[in-house]
Amino acid sequence: MVDPCAAALVLIVTGFLCLGIKESALAQGIATAVNVFAMLFVIIAGGYLGFKTGWTGYEVPTGYFPFGVDGMLAGSATVFFSYIGFDTVASTAEEAKNPKRDLPLGIALSLSICCCLYMLVSIVIVGLVPYYAMDPDTPISSAFASNGMQWAAYIITVGAVTALISTLMGSILPQPRILMAMARDGLLPSFFLDVNKHTQVPVNSTLATGIVASILAFFMDVSQLAGMVSVGTLLAFTMVAVSVLILRYVPPDEVPLPLSLQESIDSYKLRHNSDAQMINGENPAKSPGDPCLPLLGEKNVAVDCTVVEKLEALSSCTLDEENRRKIAGWTIMLICVGAFMLTFAASNLWFSSLIRFTLCGAGGLLLLSGLVILTCIDQDDERHNFGHAGGFICPFVPLLPISCILINVYLLINLEVATWVRVSVWLMVGVLIYIFYGRRHSSLLNAIYVPKAHVDEIYRSSGAIL
């Protein structure tokens with residue numbers, strides 16, 4: 001079964017996104033405002049009907065949770081794509097005036113508002129009509145029609161259309177920016193790097209995204225697409241949570257710099273070696289520093305006892321730091337394993353009770369132990385300097401990232417097997433692109449790795465902006 005209308009709508013939205021980010025933001029703002037108005041109408045009018053009729057939807061023999069917590073979470077995993085629009089804010093960071101302030105504020109406010117609206121609409125609709133009596137194609141309008149408000153279907157239809165347009169724009173908008181960033185890093189062909197001088201939009205990336213999306217919308221069912229999008233969103237959120245733990249406890253020791261900064265790096269090495277020779281009483285003119293030496297090359301020099309004691313104390317601290325990083329790295333890995341064991345055993349009811357309780361206990365023990373260990377050990381001192389200076393810092397680490405990993409993995413496991421098969425094929429395509437193109441053209445192929453403590457000074461000496 002094909003859907004030409006869905007494919008045409010995707011192409012229309014894609015063409016509109018090519019006009020510019022300001023025009024797209026204006027249109028999306030109007031569509032969102034209409035959608036919010038429709039949801040407020042559902043909440044207010046539906047609440048009035050619910051109090052008038054006595055909330056008959058909740059008076060069902062099976063109770064409020066007919067399918068239990070597992071059924072609720074399975075449904076949550078399916079509709080998780082509703083939250084995909086929030087990555088649009090992060091993907092358009094390069095086009096924000098003050099991303100350090102605007103991005104966290106925009107994500108937090110929009111997420112809070114949408115969560116409240118989604119929950120209120122669900123509460124009202126489920127209370128108006130029992131879940132088994134709902135029309136699966138038009139649940140909201142049919143709920144009002146069953147209570148004598150057939151005219152409400154027009155308002156709900158307008159809200160649904162604008163919500164569809166807003167969702168399409170929010171889904172397609174970030175992907176071209178991601179493709180452009182990947183092409184900038186050499187993982188995709190330079191075709192995706194083209195930016196229109198007038199609209200400042202990556203046109204090629206936008207058109208490619210729209211064409212692929214329209215093909216999928218033409219051939220695939222909405223439920224199939226929703227499952228694939230939910231898997232992608234949950235996987236991305238899980239990777240972000242794991243990355244937060246890595247950056248807080250075991251961030252990279254070295255940072256790759258482009259080959260264009262070779263001259264600045266060599267100059268910094270010469271200056272560093274010359275300063276070291278002057279401190280050691282040597283003449284840098286007689287023994288010039290070799291730019292091929294490591295940036296932090298070691299020398300055997302005669303120093304007084306006080307300095308030797310300091311170096312010994314420093315070496316002991318370095319050893320402790322290495323052990324801390326090893327413990328943190330293994331702990332993060334065991335947390336991921338524990339989250340998978342716990343959620344997998346809790347979701348599979350066909351396991352025997354002994355196996356389920358054993359796996360749940362082992363997974364829970366790994367999670368709890370990991371939380372205690374990461375709470376007790378110190379976080380990396382460079383966590384505030386890696387990637388950016390200042391700005392938003394994730395709170396409640398490690399509790400919040402571990403909770404995100406646990407919840408996301410549980411939702412992923414509750415998705416259908418057919419959805420995982422489709423996503424696996426999609427991921428395999430990405431792996432093949434990386435193996436045959438991205439791996440050979442990556443910008444990291446000829447990158448120069450330097451200690452992260454010296455990156456800022458190298459960039460300042462080159463006149464670049466980090």
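The points below are grouped by topic, beginning with the overall chain.

This is a predicted model, in which local features need pLDDT of at least 70 and side-chain atom pairs count only at pLDDT 80 or more, while totals for chains, interfaces and linings use all residues. Residues are numbered from 1 along each chain as its sequence is written, and side-chain values use heavy atoms, with hydrogens and water left out.

**Overall chain**

- The protein chain contains 16 helices and 2 strands; helices (H or I, at least four residues) and strands (E, at least two) are DSSP runs numbered from the N terminus.
- Of the 466 residues in the protein chain, 32% are buried; buried means under 20% relative accessible area, exposed means over 50%, and partly exposed lies in between (1.4 Å probe, protein chains only).
- Among contacts in the protein chain with a separation of 6 or more, 78% join residues 24 or more positions apart; a contact means heavy atoms within 4.5 Å.
- The protein chain exposes about 27600 Å², of which carbon and sulfur atoms supply 69%; accessible areas come from the Shrake-Rupley method with a 1.4 Å probe, and for residues only the protein chains shown count as cover.

**Nonpolar cores**

- In soluble globular proteins, nonpolar side chains tend to be buried together.
- A nonpolar core is a set of buried Ala, Val, Leu, Ile, Met, Phe, Trp, Tyr and Cys residues joined through side-chain atoms within 4.5 Å.
- The largest nonpolar core has 18 residues, and Val42, Ile125, Leu128, Phe144 and Met149 have the most contacts inside it.
- At least two residues of this core come from each of helix 2 (21–53), helix 5 (99–128), helix 6 (139–145) and helix 7 (152–172).
- Helix 2 provides the largest share of this core, with 6 residues.
- Apart from this core lies another one of 15 residues, among them Ala241, Leu245, Ala328 and Val397.
- When residues up to four places away in sequence are not counted, leucine 128 touches Gly46, Leu49, Gly50, Trp55, Thr56, Gly57, Ala143 and Asn147.

**Nonpolar surface patch**

- Val2, Leu11, Leu207, Ile211, Ile215 and Phe219 make a nonpolar surface patch of about 560 Å².
- Patches are made of residues with over 30% relative accessible area and no salt bridge; like charges are joined within 9 Å, and nonpolar side chains (Val, Leu, Ile, Met, Phe, Trp, Tyr) within 5 Å.
- Helix 9 (residues 203–219) gives the most to this patch, with 4 residues.
- Leucine 11 is found in helix 1 (residues 4–17), and leucine 11 is partly exposed because its relative accessible area is 44%.
- Threonine 206 is also found in helix 9, but threonine 206 is buried, with a relative accessible area of 1%.
- Threonine 206 touches Thr14, Leu17, Cys18, Pro176 and Val201, not counting residues up to four places away in sequence.

**Salt bridges**

- Side chains of opposite charge can pair when their charged atoms come close.
- A salt bridge is a side-chain nitrogen of Lys or Arg within 4 Å of a carboxyl oxygen of Asp or Glu, and the count by this rule comes to 4.
- Arginine 325 and aspartate 253 form a salt bridge in which the closest N and O atoms are 3.5 Å apart.
- This pair links distant parts of the chain, 72 residues apart: arginine 325 is in helix 12 (residues 305–347), and aspartate 253 is in the loop between helix 10 (222–249) and strand 1 (254–257).
- Arginine 325 counts as buried at 18% relative accessibility, whereas aspartate 253 counts as partly exposed at 47%.
- Arginine 324 forms a salt bridge with glutamate 321, with the closest N and O atoms 2.9 Å apart.
- Arginine 324 and glutamate 321 are separated by about one helical turn because they are 3 residues apart in helix 12.
- Arginine 324 is buried, with a relative accessible area of 11%, whereas glutamate 321 counts as partly exposed at 30% relative accessibility.
- The side chains of arginine 324 and aspartate 380 also meet in a salt bridge (3.2 Å, N to O).
- This pair links distant parts of the chain, 56 residues apart, with arginine 324 in helix 12 and aspartate 380 in the loop between helix 13 (353–376) and helix 14.
- Aspartate 380 is buried, with a relative accessible area of 4%.
- A network of salt bridges links Asp253, Glu321, Arg324, Arg325 and Asp380.
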